[in-house]
Amino acid sequence: MDWYPLYNSLRIALISSVIVFFSGIFAAYYTAKLNRAVKGILDVVLTLPLVLPPTVVGYFLLLFLGNKRPVGMWFLEQFGVRLVMSWYSGIFAAVAVAFPLMYRTARGAFESFDETLAYSGQTLGLSDTYIFWRIRMPACRQGIMAGAVLAFARALGEYGATSMLAGYTPGKTATISTTVYQLWRTDNEALAFRWVMVNMAISAVVLMAVNMLENKGRK
């Protein structure tokens, strides 16, 4: 059994989770501070990939990152780097579909934060950076960590956008999800079932982690 799909899926999910974690927190924090009209518009734009079919998300990514599209063509000409049909193409797809989960969860956590704690810190002469990292983030950590875990799970199980952006090449771009589909398509159901069980085991661990965070938050 070739374990490359597991390695590649975990690699893509971990890298994309780090990107989504910081970008989601940044977007959630500053969006929550905007006025209602602007926040509503940005909220729709940033959350749209959550409700769009993954293949549609992949299509839009191809419009920007394809080899014959402006961004993809520039990278190819300047650095000789193809942004599609490579293992790291899966990172773009995973970030696009996992970002809304992190953003929505973090925004909810920030909006439930008691702002009087921040005002109290300001009266004591604390900087905004100190207040954010030492007061706001610890107070919102349960929601933020839950969002990070859910984003990781979403990135790990991504198929639609990944299949369009990275394709399926054994030992190069294969992930668990694309491998399951290819094995089923070639009537290798026994091996496909093994990969399904691997994915289910990882998903179960992720859900247990989310439940533990939620229970800890209630306590």
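Me: What should I keep in mind about the model?
Reply: It is predicted, so local features need pLDDT of at least 70, side-chain atom pairs count only at pLDDT 80 or more, and totals for chains, interfaces and linings use all residues. Residues are numbered from 1 along each chain as its sequence is written, and side-chain values use heavy atoms, with hydrogens and water left out.

Me: Why are α1 and α5 called oblique to each other?
Reply: Helix α1 (residues 4-32) and helix α5 (residues 89-111) pack at about 40°, with axes 7 Å apart. Angles under 35 degrees count as roughly parallel, over 145 as roughly antiparallel, 65 to 115 as roughly perpendicular and the rest as oblique, and α1 and α5 are therefore oblique.

Me: What makes the lining of the second largest pocket nonpolar, polar or charged by class?
Reply: Its lining is V45, L48, P49, L52, V57, F60, L61, F64, L65, F92, V95 and A96. Ala, Val, Leu, Ile, Met, Phe, Trp, Tyr, Cys and Pro count as nonpolar, Asp, Glu, Lys and Arg as charged, and the others, Gly among them, as polar. The division is therefore twelve nonpolar, no polar and no charged. Helix α3 (54-65) gives the most, with five residues.

Me: How is the lining of the largest pocket divided by class?
Reply: That lining has twelve nonpolar, two polar and five charged residues. The pocket holds about 450 Å³ of space, and Y29, Y30, K33, F132 and R136 are the closest to its centre.

Definitions and conventions. Axes fitted to C-alpha atoms, helices over the stretch in contact; angles between N-to-C directions. Helix = DSSP H or I, 4+ residues; strand = E, 2+ residues; numbered from the N terminus. 1 Å grid on protein atoms, 1.4 Å probe; cavity = no way out; pocket = protein on both sides within 12 Å on 5 of 7 lines; lining within 4 Å. Points joined across faces, edges and corners; volume = space filled by probe spheres on them.
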